[in-house]
Amino acid sequence: MVKSICLLAFTLIIYLTCGFINCKSIDDNLVEVVLLVRNKNHLLPLFFRFFENLNYPKKNLALFIRSDHNKDETILGLENWLSKNEHKYHSVNKKLDIFPSFYEDAILKDNLWNSERMSHLIHLKEEGLKEATKINADFVWFIDADTFHTNPYVLRHLIKQNKTVIAPLLKSTKLLSNFWGGMKSNYYYERTEEYMDIVLDKKIGVFSVSLVSGSVLINLRHPNSKKLSFQRQKLMFHPNSPDLDIINFALTAKENNIQLHVINRHEYGYMLLISESELDIKFDLDQIEELNLTQIQMKKNVQEKTRSDINPYNLDKIYCINLLRRPDRREKMEKNFELLNLNVTFVNAVDWRDLNETFLKSLDVRVLKNYDRGDITYGLIANLISHYFIWKEIIEHEYDQVPNSKLLLKPAVSFCMLGYLLSYEGAKKLVNQGPLQKLVPIDLYVSIMFDHYYEDRVKAQFSPRDLKAFAVNPMILKPTHYWGQEGHITDTATAPHVSHLTQDDFIQMKLNARLSKEEL
């Protein structure tokens, strides 16, 4: 009797740890990927670029691909990709229908989503669920072709969480994402305070949410997962809910006490917002440009949570100037650099709030003679000094590796100095003119140095003006907000203006001390 009890206990433990939680190593799990594509040929190269870069064995990814009712060349794009990559994967279940190319009812009503199309989508998702069970997959992953998983470890992270349903947080150009914080009594979206905290990364972790979409992983080893469905007829308590795939799925989970989760412990990727016109390619491409997706460097064979020490294009060094009192800005830039796989040195900016006469005189800082001092703020002074220190370091270490480009043009003027490449020779020309002794705003100074400034009396004080300057078109770097736009913040132009100069154009500050509280 005792032996039987012990054996039963041992068997129960084995079931609990291996049957429900799944004792396989992550790489051994078979994952069926459900990809339903329509009119997305323009997105396929970028989508598959990130998909191929997933850090997960392709031999354990089974592809379930469906495409129909296309007005573009989506099927040709899928066939081209499959012809080169199909053999790498566990299996491929595909059905690519050239005809029909449209939903008749949608044409008549000028409607992107009609009942016929939604019913067909629900049918395809149900088919994908059944196929995953049929091939004995451990997980099924529903992903949309307008989502881009920039983190190669995203699938591994999702599997590790051991949730019945989980989605990675995918961000967009707006505050919309791929989950709902709440659902109203009429079954539609309700924004919650926690939603904002999750999307803005004020809260980090795994969260229970009302609805997930776009990129959803289902753990088929969890017994309750069999109760999940995209069909409204499977619902018992919500007969009047709208017949939409994502709402049906969320409600079947709710009726069966299955929690839906979203994770934001890392940056996982992005989703595109939906246009009013499905074939509005420019709308999609503008978002891709704004999200900088085409510039993200693929990370191959690198350890998790590390970055390559080698920067793309063999730049000698990359600097990012940041005020210590702006940790939020640094955090945002660090995330961008991680996505771009850049190894960046952060430099603490000279803060205008810390300026004093002793410091300025030690650097022999003077405003350019006859220049309108009303245009000079303490922020502009601190800004120029911050850049100047970096120019000096470039000269000291003889950093000179600057990439070539076929997209160059001659700029009319420099503006903001938001970001730029500078060679050793260029740094020498900027430093040798003594910019701290002839101080003007930094973007104006650079324009003068490549001889593109309109005021002769100003530029005549700098010679030679032989800096070689080029710009890249189209722009690869631009501000998140322009001057005057809501949300625009500047720590330079809005600082107090210089009001007192000595005869020698030295900056005179009250009592040879830091700025007063009033000036701050």
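Q: What is the mean pLDDT of the protein chain, and how many of its residues reach 70 or more?
A: The mean is 83, and 83% of residues reach 70 or more, on a scale of the predictor's confidence in each residue from 0 to 100. This is a predicted model, so local features need pLDDT of at least 70 and side-chain atom pairs count only at 80 or more, while totals for chains, interfaces and linings use all residues. Residues are numbered from 1 along each chain as its sequence is written, and side-chain values use heavy atoms, leaving out hydrogens and water.

Q: Where does pLDDT stay under 50, and how many contacts does the model have there?
A: One such stretch is residues 107-111, with 3 contacts beyond four places in sequence, a contact being heavy atoms within 4.5 Å. Over residues 300-310 the pLDDT is below 50 as well, yet that stretch has 17 contacts in the model beyond near neighbours in sequence.

Q: How many helices and strands does the protein chain have?
A: There are 15 helices and 18 strands; these are DSSP runs numbered from the N terminus (helices H or I, at least four residues; strands E, at least two).

Q: Why is Leu96 called buried?
A: Its relative accessible area is 19%, and buried means under 20% (exposed is over 50%, partly exposed in between; 1.4 Å probe, protein chains only). Leu96 sits in strand β3, residues 91-96, and touches Ile65, Ser67, Ile75, Leu78, Glu79 and Leu82, leaving aside neighbours within four places in sequence. Take Ser67: it is 29 residues away from Leu96 in sequence, but the C-alpha atoms are 4.9 Å apart.

Q: How do you know whether the span of helix α5 agrees with its 20 residues?
A: The expected span is 1.5 Å times one less than the number of residues. For α5 (residues 115-134) that gives 28 Å, and the end C-alpha atoms are 28 Å apart, so the two agree. Just past the helix, Asn136 takes a positive phi of about 60°.

Q: What covers the buried residues of α5?
A: The cover includes β1 (31-37), β2 (61-67), β3, β4 (139-144), β12 (215-219) and α8 (245-255). Among the buried residues of α5 are Met118, Leu121, Ile122, Lys125 and Leu129.

Q: What makes the pair Asp245 and Lys125 a salt bridge?
A: Their side chains meet at 2.7 Å, N to O, and the cut-off is a side-chain nitrogen of Lys or Arg within 4 Å of a carboxyl oxygen of Asp or Glu. The pair ties helix α8 (Asp245) to helix α5 (Lys125), 120 residues apart. Asp245 counts as buried at 7% relative accessibility, and Lys125 does too at 11%.

Q: How many salt bridges does the structure hold?
A: There are 20. One of them joins Lys459 and Asp451 at 3.7 Å, N to O. Here Lys459 is buried at 14%, whereas Asp451 is partly exposed at 36%. Elsewhere, salt bridges that share partners link Lys171, Asp201, Glu267 and Lys335 into one network.
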